[in-house]
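Subject: Structure handover

Hi,

Here is the structure I promised to pass on to you.

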Amino acid sequence: MFEPTYTAALTRLNAFLPRAGYEYASQRNYDRPGHPNVSGLSPYLRHRIITEDEVLAATLGRHSVKAAEKFIQEVYWRTYWKGWLEIRPSLWDRYQMDVNAALNRVQTESGLRADWEAACRGDTGIDCFDHWARELVETGYLHNHARMWFASIWIFTLRLPWVLGADFFLRHLLDGDPASNTLSWRWVGGIQTMGKTYLARPDNIAKYTEGRFQPNGLAPAAAALESPPHPQAGLSPKGDRLPSGGDVGLLLTEDDLSPGWLLSQVKPTATALFQATAGRSPLHVSTAVKAFSEEAFQNSAARYRDQCGTVSRVTDLAAWARDQKVTSIVTSFVQVGPTRDALDHQRVALDALGVKIHHILRPFDAAAWPFATKGFFPFKERIPGFLTTYS
């Protein structure tokens with residue numbers, strides 16, 4: 001369904017643009033086979049194969065802000081989640097610890113293991129849930145409404161640990177994003193917006209799947225899960241400055257594979273392709289997810305070949321920096337998640353060489369993240385101001 005290339009992303013965007021206005025607003029909640037009512041751009045935006053700037057500029061070139069309001073808000077939801085987690089990074093650490101604790105329970109509690117495995121196989125007897133579980137594994141994608149229903153059934157009907165559901169998604173979603181995924185599951189469970197849960201209702205599922213599914217036996221209520229309070233918010237990151245001299249290396253990660261904006265400011269002598277996809281889960285990340293990321297790296301390297309210097313796939317950044325004789329490394333700001341975790345493990349060796357990674361914050365993120373401090377609705381009020389850059 002998703003070819004991990006810039007050309008494929010542009011083709012999908014251009015095909016969707018005529019429907020990005022009122023048609024999207026009225027039809028986006030319907031989960032229909034093939035997902036004709038949504039853009040399907042999330043795998044590309046997650047890796048920034050295509051950027052939010054490009055998508056928003058194209059949308060506003062065809063529709064008014066009012067007509068495309070719902071689609072524009074969906075683009076900014078991902079930005080909001082990223083900014084919210086960026087000022088509370090300890091939540092990602094807590095999530096990882098909770099996943100490992102839940103997996104330890106799976107090893108010792110046979111009933112939990114059987115129920116968890118049945119849910120992951122799509123073998124629970126709940127027809128819609130089982131369909132979505134298999135669709136996710138087979139395609140790497142789910143409609144957003146189906147994700148909400150799935151998470152609700154996982155938590156409140158099957159009564160499985162929410163972190164194992166979030167982990168299941170991260171292992172299989174091509175657009176698996178540590179911020180969007182983790183915080184969305186927390187929201188369904190009532191621990192993101194404290195006390196506010198999302199209940200999957202049979203009538204709602206029947207309506208928005210147009211009768212394909214009419215499930216029985218779903219939980220009639222959704223009591224919020226227990227959780228510690230949110231950690232205190234820190235400051236929104238400002239990013240680093242570009243290095244002032246020396247031989248610069250460019251670092252490409254799967255979080256941002258459109259480095260053109262950086263390459264307009266620096267001329268690297270070498271480029272490192274640093275893939276940390278396997279770090280999305282302590283379990284096996286799906287072959288499809290790893291292959292999508294791998295091919296996306298290759299496509300990005302090909303697109304920018306003439307500007308990147310010597311391009312290498314890298315696991316040891318210090319050894320690469322030494323071999324390429326770079327004195328500093330520049331990268332698009334690496335956000336909270338597995339890639340940053342992997343880079344943290346490289347820091348000691350890089351420090352010993354005196355090589356710093358300069359995390360440069362995109363203007364798009366720099367404009368929006370400082371306002372992702374509370375709920376989405378106060379953030380949403382800022383969107384018209386963000387959009388002035390496209391007028």
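Let's start with a term you'll need: a residue is called buried under 20% relative accessible area, exposed over 50%, and partly exposed in between, using a 1.4 Å probe and protein chains only. Please keep in mind that this is a predicted model, so local features need pLDDT of at least 70 and side-chain atom pairs count only at pLDDT 80 or more, while totals for chains, interfaces and linings use all residues. Residues are numbered from 1 along each chain as its sequence is written, and side-chain values use heavy atoms, with hydrogens and water left out.

**Charged side chains**

A salt bridge here is a side-chain nitrogen of Lys or Arg within 4 Å of a carboxyl oxygen of Asp or Glu. The count comes to 19 salt bridges. One of them joins R171 to D167, with the closest N and O atoms 2.9 Å apart. Both residues sit in helix α10 (residues 162–172), four residues apart, which is about one turn of the helix. (Helices are DSSP runs of H or I with at least four residues, strands are runs of E with at least two, and both are numbered from the N terminus.) D167 counts as buried because its relative accessibility is 1%, and R171 is buried too, at 9%.

Now compare D344 and R347, whose side chains meet in a salt bridge at 2.6 Å, N to O. D344 is partly exposed at 35%, and R347 is partly exposed at 48%. Shared partners also join R48, E52, D256, R362 and D365 into one salt-bridge network.

Leaving aside residues up to four places away in sequence, R78 touches S42, R46, D175, D177 and S180, where contact means heavy atoms within 4.5 Å.

**The sheet**

There's an open sheet of five strands with parallel pairing, in the order β3-β2-β1-β4-β5. Two strands pair if DSSP finds at least two bridges between them. The edge strands, β3 (310–313) and β5 (356–360), each pair on one side only. Strand β4 (residues 328–332) is joined to β5 by five bridges, and I329 has I357 in β5 as its bridge partner. Helix α14 (residues 287–303) packs on the sheet and touches β1 (248–253), β2 (270–274) and β3, its direction making about 175 degrees with that of β3. Axes are lines fitted to C-alpha atoms, for helices over the stretch in contact, and angles run from 0 to 180 degrees between N-to-C directions.

**Aromatic rings**

Rings of Phe, Tyr and Trp (its six-membered ring) pair if their centres lie within 6.5 Å; planes under 30 degrees apart are stacked, over 60 edge-to-face, and the rest tilted. That gives 34 aromatic pairs. W132 and F213 have ring centres 5.9 Å apart and planes at 65 degrees, so the pair is edge-to-face. This pair links distant parts of the chain, 81 residues apart: W132 is in helix α8 (residues 127–139), and F213 is in the loop between α12 (202–208) and β1. W132 is buried at 0%, and F213 is buried at 8%.

Cheers
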